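Welcome! Here is a short tour for someone meeting this structure for the first time. Take a look at the model, and then let us walk through some of its helices, loops and chain contacts together.

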Amino acid sequence: MEALAAAFQMVFSVQTLVVMVLASLFGLFVGAVPGLTATMATALLVPITFFLPPIPAIAAMVTATAMAIFAGDIPGCLVRIPGTPASAAYVDETYRMTVKGHAETALGVSLVFSVIGGLFGTLVLILAAPALAAAALQFSSFEYFWLVLLGLTCAVFVSGDAPLKGMITLFLGLLLGCVGLENPAAHPRFTFDLPDLLSGVSLIPAMIGLFAVSEVLRFSLDANPLAPVSRQVGSVFRGMGAMMRRYPVQTLRGSSLGTVIGALPGAGADIAAWMSYTISRRFSREPEKFGTGHPEGLVEAGAANNSALAGAWIPALVFGIPGDSITAIVIGVLYMKNLNPGPTIFINNPSSIYAVFLLFIIANLLMLPLGWLCIKVAARLLRTPRNLLMPVILLFCVVGAFAINNSPFDLWILVAAGLLGWFLETHGFPIAPAILGMLLGTMLEEHFIRSMIKADGNLIAFVERPIAAGLALLVLVVWGVSAWLGWRRRRAIT
Amino acid sequence: MRLGDAPIGAAFLALAVAVLWHIRDFPPAPGQPYGPALFPGLIAAGLALASVLLMVSAWRPGVQTSEGQAAGGEGDVRAEAPRWLPFIATVGALVGYVALVDRLGFIITAFLMLCSQFAAYRVRPALIVPVAAVSTLLVHAAFYKLLRVPLPWGLLSGWTW
């Protein structure tokens, strides 16, 4: 109980609340401007959170991303360009609603059901995380090995329809994670006599490069100004009560699916939105209305992408395995703040965990007034000249990457990662598996080697313990199902 | 400029082979049969296999349908080629910053970086210098004064504040 009281004190301090409001505005802006993604927002926040105490740092990231995922719906609705990839699933639907004159309904649905989805995901997080942590205390190196492998497998197969390319970027990320001294033998690998590489490729500059710099590079190739917003938006909240009464199943289904997909490592809000919209159409009683400006799919997918944000924190907090790219970055920040994620944090530092729960609840509630404000000024926001904005963002990336370690070498990592990220994305290679590979590679190797040493090379030991066997089975199931689906798709084409 | 999957697969295969070549000299861990070469070796082997599969699938058209649909989005439909100047300017600005910031100092380098990019992105000429100057000073104030990041002064070392 004192942990809860301590959490309240940490969260309701002036500093945290001010940081939350500022981060909200930042997140709303980043979400609303197409070309800036929620992951980019998180990456850009890292240099600032570096200098904040742990709870305000986490508050900034939680709030900014929740706002950004909602705000991405706004330009999608008004000018048919999604503000973030998570809104791309239903951009046509929302735009159709605007054309029919129902822009405020589309935006209202998006806002209200984002809040509902976010709160639902938070509830699951609050209930599931401590329960999972208790189970996680039973984990030894065998279980962790299979869990990390499951995470990496999901990242490749759930996240896209080009699993072969996802595997390649995963292997690339794993190789980059091998650089340095951090291996069981403490032998400097791939350092090429550069002292800067002894501790490995710096994760944060690499992430800022892969997510933020690559976006700027992509914009530079396609720097068209956005069409001006010509439609008026009426009262956003009108009719939302009726929506909630009309689509309770969709709300629940979207929120649950979103939370589960968020909890799967490597799959985040964008995948949750796509899958949710597809499922909504498949199970709808009026499927012919989808695509004509029908709010049903919007209810479900809008709830899904915000609940995925909370779901992603479940494996992140309990195991240190990120549920999506955003939590991958957040885990880096948690380690920096000495809040090492894992089951022990629930025992040693429960007030921090309660604080995270509280932050999620407050962030989702804050979305109502601030999101409404954002919708009101949307037309003006969308006139922001992106050709002025992007170079400044680039400067911010450069200074931010430098600020982490004050190391000029990190800047070269930033540039290289930016070019690599741009090149990979342009050719259809997903970036998220690379990040997971870099983050989890050391963990995977450590548990693998440790298990091999304990088992004396006897591979059967990897499936002797019950939880380990169960996880191994899950890995095989994911591999099997993906292979079968891929084979079926190939047969359907030829 | 879009490369096909085959050359990219070949490049990754070359990388995998290079890694396997490099790790053959790694010493074993003291007293253990599993050394620092095991994990990179497994990964490189996997990468080699995946690269070969990618190259094979590239030579059999129509099998992987999604690889061509990259994150191009709105840009794919236009008939004109992408404009390379802003891209080259951006990369040049990045590399130029990293190479020159210690010599010229943050303020000068950042200002030049922003100006060159604004020009390449076709910002209105009247806006270029003022916005670049204000942005540079704001970023400098935020990071140097507020967050105490030691941004280099370079040529302006006489005017530090």
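Let us begin with a crossing: α1(A) passes α18(A) in a right-handed manner (right-handed if the near helix is turned clockwise from the far one by less than a right angle, left-handed if anticlockwise). Helices here are DSSP runs of H or I with at least four residues, strands are runs of E with at least two, and both are numbered from the N terminus. This is a predicted model, in which local features need pLDDT of at least 70 and side-chain atom pairs count only at pLDDT 80 or more, while totals for chains, interfaces and linings use all residues. Residues are numbered from 1 along each chain as its sequence is written, with chains lettered from A and ligands numbered from 1 in the order in which they are written.

Helix α1 (residues 2–11) and helix α18 (residues 350–376) of chain A pack at an angle of about 50 degrees, and their axes are 8 Å apart. The axes are lines fitted to C-alpha atoms, for helices over the stretch in contact, and angles run from 0 to 180 degrees between N-to-C directions. The two helices α1(A) and α18(A) are therefore oblique to each other (under 35 degrees counts as roughly parallel, over 145 as roughly antiparallel, 65 to 115 as roughly perpendicular, and the rest as oblique). Among the residues that meet are A:Leu4 and A:Phe8 on the α1(A) side, and A:Tyr354 and A:Leu358 on the α18(A) side; contact is counted when C-beta atoms, placed from the backbone, lie within 7 Å. The contact of α1(A) with α18(A) has 13 nonpolar residues, 1 polar and no charged. Here Ala, Val, Leu, Ile, Met, Phe, Trp, Tyr, Cys and Pro count as nonpolar, Asp, Glu, Lys and Arg as charged, and the others, Gly among them, as polar.

## A roughly parallel pair

Helix α2 (residues 14–32) of chain A packs with helix α4 (residues 54–71) of chain A at about 30 degrees, their axes 7 Å apart. So α2(A) and α4(A) are roughly parallel to each other, and their crossing is right-handed. Their contact is made up of 18 nonpolar and 7 polar residues, with no charged.

## Covered helices

How many of the residues of α14(A) are buried? The count is 17 of its 17 residues, where buried means that 20 or more other C-beta atoms lie within 10 Å of a residue's own (12 or fewer is exposed, in between is partly exposed, with C-beta atoms placed from the backbone). Likewise, α9(A) has 16 of its 16 residues buried. Just after α9(A), A:Gly180 takes a positive phi of about 115 degrees.

## Two loop residues

Most residues other than glycine have a negative phi. A:Phe192 has a positive phi, near 50 degrees, and sits in the loop between α9 and α10 of chain A. A:Phe192 counts as exposed because it has 8 C-beta neighbours inside 10 Å.

A:Asn406 also has a positive phi, about 50 degrees, in the loop between α20 and α21 of chain A. With 10 C-beta neighbours inside 10 Å, A:Asn406 counts as exposed.

## Where the chains meet

The contact between the chains takes 52 residues from chain A and 58 residues from chain B. On the side of chain A that touches chain B, α20(A) gives the most, with 11 residues. By class, that side has 34 nonpolar, 11 polar and 7 charged residues.

Terms used:
Two residues are in contact if their C-beta atoms, placed from the backbone, lie within 7 Å.
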